[in-house]
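This report is intended for a reader who meets the structure for the first time. Please keep the sequence and the model in view while reading.

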Amino acid sequence: MTVRSGSAGWYLRRLSRMGPREVGGRAVDAVRRRRWRSARPDRPSVRGARFTAVLPAGTLAAVPPDAVKRLVAEADRLMAGHAEYFGVDRDDLADPDWWFDPKTGRRAPWGYAFDVPYRDEDAVGDIKQIWELSRHQYLTVLAAAYAVTGNERYAERVAEHLRSWWAANAPLRGVHWTSGIELGIRLLSWVWIRRLLDGWPGASALFEGNPVALNQIWHHQRWLAGFPSRGSSANNHVVAEAAGQFAAACAFGWFPSSARWRADALRSLERQLRGNTFGSGLNRELATEYHGLVLELGLAAVAEADAARVPVPASVRLVLLRMTDALAAVVDSRLRPPRQGDADDGHGLVVDGAGTDRWASLLATGDAVFGRLAWWPSVTGADVRTPLLAALIRPYATKATARPASRPAHFADAGMTILRSQGETAEIWCRCDGGPHGFLSIAAHAHADALSLEVRYDGVDVLADPGTFCYHGQPEWRRYFRSTLGHNTLELDGVDQSVSGGPFLWTRHARSRVLAADDAASDVAASDADASDASASAAVTARWCAEHDGYRPSVHRRRVELTAAAKELKVVDEVRGPRRAVRLAFHLGPAIAADLVDDRAALSWTRDGEDVSATLDLPGQLSWRAHRGESDPPLGWYSAGFGRKEPATTLVGTGFTDGARGFTTVLRFHG
């Protein structure tokens, strides 16, 4: 069944996931949209505006030379008009069309912003392609290149493009005034552009001395104050809205409403950071890239507060500290975090060139602001953003704050467990998912992936989470990449564990619970161990067990054991309930070659010039086939980033549930 967002059925399903307060708030929004169609007030007059939120002296000298080199290379590429967004190469950035989608060739229509059907790709084009350029994060890169080199051609290009954008996108007209997250991130970019251009003679005339710029800044903040994301939509979007509004009200505090906007945004930011984050520090959306986005936005907001000497509740810094520690805990030996849930390559603040590791950068900033713990992984490489943020954010006194004494492996509130081998050999890293389906009633960025696994060997995806690939416009691919079959878990009767009501809407959520999660054999939970398990437990390094009820009345239970000494991972799947058709999928990473014979797959790949191999022994009760790069229906794909996909091998076993016997899979690494 094709489910299109914007259809009458979708609106009814969406309404069913809202509470009375949210329905009332959205009714108020609808009235305001109608009123704003004809009533667009003029910006209040501004006198004597000055920009004072500059970088402290000596900050730019602290940027590492390697980071400067990458930044300048990226800036020169942008100056030549070249960029790549979501798998689409562009060569028109010297003079961009702000409403053009290079992927479909369509151009978004003009008109009152709230009349633009931005979810309809046939009418507008790929909205992500159109919006991304207008986040102006490529302009923060150019502004940063000016700051570190003093070359005015970068500043002049920034000014040219800002004036072009402001002229083409009058307030409340067109596609760039339809989504709060876009306005929030754009405001944050403008704040940093002004800061990074501070040494350029034309900076003041471009911003505080420019009536057009003042009009845009004021209308952006008025929009965000009028249309906050609400209720079931209060996820990363509302954090971006609050962070952008707060940053602008601090750095561009030139308007009569600035103090109120600043106070309201700070209250929202504090509440939403807490609401979007588990006590363990993991993001409640259970989508790792949004953990990164929210952390970046939070750090940027605190930087503005400290630059403007605006007090911030201690809870804000505490949440960011916990998020940073949680990130340090879950990354693998190559500093790669889990590939869980949706991912759209969204960033909060971009001032670095291509090749800069996002996660290493966040951990470096965390070290500078909060201080690293002894168990944190080593961070190599250098970035531009860390010294800039660290120069603005005052050091956080953490001595009185409880932080993990050792590296956490199990995050009970998020249902995430990381099993990993210890020692000097290549790390075996395994993420086990036994957590909530997603965040809030719609679980917008969740996948139907209960009890799924990710397994890496020295940072290489062996059993991979295939990723996300797309949001709008390609419903069959959106369904596949968030389906149960699209993950390393078990599917019954050809349907997902949770029920989808649209591309960002789940109407029924599978409920999972973790039964055992232990990182040492001596702590194996006796409640779920039979006699044979107990006798073997002395050899078990780490163990996990969980179940979910998404296929009621049946229950799917999965046990995982990692024996580090043997380099062996054992997975046992049991289905309790009536006899049902089953498909068990194992998605291999794109670097993995597989030779499947009956129920055994020989795996091989190359890492750092060395050949590596493994054997995957699959349940003999099922009939196994290898799939790769199939499109009708989709199967056998890996998406390394939004808008990009490549063929990868997926092994699928079909058959029927087998009672108490279960299905046993064993992955052994060689060498």
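Which hand, left or right, does the crossing of helix 6 and helix 7 have? The crossing of helix 6 and helix 7 is left-handed. The model discussed here is a predicted one.

## Helix pairs

Two packed helices are described by the angle between their axes and the distance between the axes. Helix 6 covers residues 137-149 and helix 7 covers residues 152-168; the two pack at about 150°, and their axes are 7 Å apart. An angle over 145 degrees counts as roughly antiparallel, and helix 6 and helix 7 are therefore roughly antiparallel to each other. On the side of helix 6, the contact is formed by Y138, L139, L142, A143, A145, Y146 and T149. Helix 7 contributes E152, Y154, A155, R157, V158, H161 and L162. Sorted by class, the residues of this contact are ten nonpolar, two polar and two charged.

A second pair is formed by helix 13 (residues 288-307) and helix 15 (residues 358-370), whose axes come within 11 Å and cross at roughly 40°. Helix 13 and helix 15 are therefore oblique to each other. The crossing of helix 13 and helix 15 is left-handed. Helix 13 takes part in the contact through T288, E289, G292, L293, L295, E296 and L299, and helix 15 through R358, W359, L362, T365 and F370. The contact of helix 13 with helix 15 holds six nonpolar, three polar and three charged residues.

## An enclosed helix

How many of the eight residues of helix 16 are buried? Six of the eight residues of helix 16 (residues 385-392) are buried, so this helix is largely enclosed by the rest of the structure. The buried residues of helix 16 are R385, T386, P387, L388, L389 and L392. The cover over them includes helix 8 (180-196), helix 13 and helix 15.

T59 is located in the loop between helix 2 (20-38) and helix 3 (65-79). Beyond its neighbours within four places in sequence, T59 is in contact with P387, L388 and A391. P387 and L388 are among the buried residues of helix 16.

| Residue | Relative accessibility | Class |
|---|---|---|
| T59 | 7% | buried |
| P338 | 4% | buried |
| R420 | 9% | buried |

P338 lies in the loop between helix 14 (314-330) and helix 15. Apart from residues up to four places away in sequence, P338 touches T288, V330, M416, W429, R431, E454 and R456. P338 and T288 are 50 residues apart in sequence, while their C-alpha atoms are 6.4 Å apart in space. T288 also belongs to the contact of helix 13 with helix 15.

R420 lies in strand 4 (residues 416-420). With residues up to four places away in sequence left out, R420 touches A329, V330, V331, D332, R407, E427, I428, W429 and L562. V330 and W429 are also touched by P338. R420 and R431 are eleven residues apart along the chain, and 8.7 Å separates their C-alpha atoms.

Which strands stand at the edges of the open sheet of four strands? This sheet has the order 8-15-24-19 and antiparallel pairing. Strand 8 (490-492) and strand 19 (623-628) stand at the edges with a single partner strand each, so one side of each has no neighbour in the sheet. From one strand to the next, the twist averages 25°. Within this sheet, strand 15 (residues 581-587) and strand 24 (residues 649-656) pair in the antiparallel sense over seven bridges. The bridge partner of L584 in strand 24 is G653.

Strand 16 (residues 593-597) and strand 17 (residues 600-607) also pair in the antiparallel sense, over five bridges. Opposite A593 stands S604 in strand 17. The hairpin of strand 16 and strand 17 has two residues between the strands, and D598 takes a positive phi near 55° there.

Notes: Residues numbered from 1 in each chain as written. Predicted model: local features only at pLDDT ≥ 70, side-chain atom pairs only at ≥ 80, totals over all residues. Heavy atoms only, no water. Axes fitted to C-alpha atoms, helices over the stretch in contact; angles between N-to-C directions. Parallel < 35°, antiparallel > 145°, perpendicular 65-115°, else oblique. Left-handed = near helix turned anticlockwise from the far one by under 90°. Contact = heavy atoms within 4.5 Å. Nonpolar A, V, L, I, M, F, W, Y, C, P; charged D, E, K, R; others polar. Pairing = 2+ DSSP bridges. Buried < 20%, exposed > 50% of the residue type's maximum accessible area, 1.4 Å probe, protein only.
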